[in-house]
Amino acid sequence: MRARATRLTAGVLFAAIVYLLAWAFDHSPYVLFALTLTLCYAIPAMALNLLLGYTGLVSLGHMGFAGIGAYVTALLMKKGGLAFAPSLLAGTLAAGLAGVLVGVPCLRLRGHFFIIVTLAVGIVLFLLFNNLDWLTGGAAGLPGIPRPRSIDLGVAVLDPRRPVGFYLAAATIFLLVFAIQYGLVHSDFGRSLAAIRQDETLAASRGVDVFAHKLAIFALSAAIAGLGGGLLAVFLRAVAPQSFGFLEDINLVLIVIVGGAGSLFGPTLGALLFIALPEALRIADSVRMLLFGLALLALALLAPRGLWGLALTAAQRLRGAQSAVSHAERS
Amino acid sequence: MGVTLTALLEQIANGTMMGAIYVLVALGLVLIFGVMEVLNFAHGVVFMAGGYACDFFFVHLFGNYPAVVILTMLTLALVGLALERAVFRRLRVNVPMQIVASLGLILMAQNAAVLLFGPSALQLSVPTVHSLIRVGDLSFTVQHVVVIVAAVAAIVLLQAFLHWTKLGIALRATSQNPDAARVVGIDPDRIYRITFAVSCALAGLGGALLGPLFLISPQMGDLPMLKGLTAIVLGGMGSIPGAIIGGLAIGIIEAVSTLFISTDYRDMVVFVILIAILLVRPWGLFGVRVRGEA
């Protein structure tokens with residue numbers, strides 16, 4: 001029971017920090033911009049974490065699903081004249097449906113076949129965004145997505161047209177997805193996924209319907225990725241195919257792996273590192289990109305469990321050293 | 001459909017040339033995957049390095065193209081040895097970290113190319129690009145023929161190496177069963193080194209052959225790498241004949257498809273076919289169905 005209370009406190013504290021950042025940076029719209037962008041990417045990153053970290057499925061085309069969410073949301077708001085919330089919901093559902101359509105055939109494949117087919121799916125989706133000019137605006141994309149209307153919460157009015165307002169809206173969606181991630185991981189369903197990750201054959205022999213579990217998590221993951229994509233589109237008020245290309249697919253995988261796949265905070269940490277930090281440093285210069293590549297290489301070789309894993313190991317070692325010291329003192 | 005025979009033959013010639021390039025990339029990928037179970041997503045920048053190395057040697061050392069191509073292959077073999085030793089040997093079982101390391105290598109190599117050779121693409125002017133061969137209404141550059149002949153030579157030599165030399169047989173043995181190979185006294189580390197060297201030399205050959213026809217740019221290896229990956233999946237991940245047929249088929253299919261549909265969708269055709277084939281044969285066209293694998 002105590003562990004549960006601790007977890008609850010940690011959750012409330014985390015949510016409070018996420019919300020308080022808005023207040024702390026109320027007067028620096030640039031920081032808020034970078035933070036909102038980070039949240040928009042943290043959502044698809046958590047979606048991918050459900051697959052990559054918790055189920056052991058590497059999907060190399062996940063920004064494609066985010067793209068479906070982004071385009072559907074953008075089209076409904078821009079051409080359909082729908083409001084923000086229903087458009088975003090439709091985008092999420094469309095991405096989830098695409099997840100089912102892709103998942104049914106592809107999830108039968110195992111190991112490296114699955115990885116490369118998801119890569120192919122991501123590229124095909126990018127090429128569709130890029131070439132279906134009549135629908136997606138082609139390479140130019142869809143600019144001029146209308147801003148969402150303000151929401152009257154009774155006690156206060158949330159105005160997404162102001163940077164703080166949009167940050168708070170994005171933070172709410174982010175925390176919701178974080179809660180879904182938490183709830184899922186700690187459910188029976190989540191434990192079955194972990195069993196599949198560790199040994200698919202054994203899981204099947206213990207009565208886990210492997211395909212149904214994989215399909216459910218793949219569809220959910222695609223839907224959440226679509227949610228993040230839709231949010232990103234409305235935040236930037238434009239969608240362009242380049243945001244959902246091959247490099248972005250790989251980038252999302254990096255966010256998850258470098259942050260720490262299979263940990264709750266890993267994807268958020270990764271998004272801060274890959275979205276907010278380059279934004280703050282204005283990375284574009286060749287020398288800096290070269291060093292960034294070197295850092296990735298070093299990370300792959302030195303921290304096989306990602307940064308969050310590295311932090312946990314370091315914390316454990318520290319604790320181990322402390323207990324060793326106290327033992328020595330006592331004796 | 002107003003597709004003339006000449007246009008069709010022309011696209012088949014183009015497709016065979018591009019297919020030969022894809023085969024060179026695919027062979028490297030399939031060797032590394034078959035022996036080490038490593039997917040080298042950075043194989044595209046090895047290909048790109050081949051293009052730049054070829055250009056550098058041709059301009060600064062000597063103007064003999066065949067000699068330059070061989071020198072390029074040797075250089076890339078050394079690069080392969082370094083990559084295996086420093087990076088991929090340690091990441092053999094960790095697929096996610098292979099992806100991270102590959103992207104690190106891609107960023108390093110592409111930005112290093114920009115820093116060393118400038119941001120604009122290079123044009124390598126080899127005599128064989130400027131002379132044309134005419135057969136009836138068909139015309140293509142001598143370089144097309146050079147690419148195909150060089151690729152065929154590389155494939156034949158590779159097969160001879162794999163089947164008739166002790167080292168090649170040891171390599172195939174390691175790929176079939178690493179533990180059994182160790183039992184009969186094969187040093188797997190040595191095999192991994194050789195596999196990487198050969199694979200990178202083949203990718204370097206691809207870059208050196210394609211460089212003069214297209215432009216040499218930091219991104220020149222991206223699409224060949226993706227097509228090479230597609231080729232080895234089509235071929236069944238681990239089958240060398242599968243990789244050869246897969247690579248050629250992709251080159252010809254995408255070239256011929258441009259006669260019927262917009263070139264915008266050329267790259268899509270290949271990936272859609274890949275998905276469609278895996279739906280019917282989840283273990284690839286030439287792969288063997290392994291229990292628990294497909």
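In what order do the elements of chain B run from the N terminus on? They run α-α-α-α-α-β-β-α-α-α-α-α-α-α, and chain B has twelve helices and two strands, where helices (H or I, at least four residues) and strands (E, at least two) are DSSP runs numbered from the N terminus.

This is a predicted model, in which local features need pLDDT of at least 70 and side-chain atom pairs count only at pLDDT 80 or more, while totals for chains, interfaces and linings use all residues. Residues are numbered from 1 along each chain as its sequence is written, and chains are lettered from A and ligands numbered from 1 in the order in which they are written.

The radius of gyration of chain B, taken over C-alpha atoms, is 19 Å, close to the 19 Å that the globule rule (2.2 Å times the number of residues to the power 0.38) gives for 294 residues, so chain B is as compact as a globular protein of that length. Its C-alpha atoms fill a box of roughly 60 × 50 × 35 Å along the principal axes.

The contact between the chains, counted for residues whose C-beta atoms, placed from the backbone, lie within 7 Å, takes 39 residues from chain B and 37 residues from chain A. On the side of chain B that touches chain A, helix H4 (95-117), helix H10 (222-235) and helix H12 (266-280) each give two or more residues, and H4(B) gives the most, with 15 residues. By class, that side is made up as follows.

| Class | Members | Residues on the chain B side |
|---|---|---|
| Nonpolar | Ala, Val, Leu, Ile, Met, Phe, Trp, Tyr, Cys, Pro | 30 residues |
| Polar | the others, Gly among them | five residues |

Note on methods. Contact = placed C-beta atoms within 7 Å.
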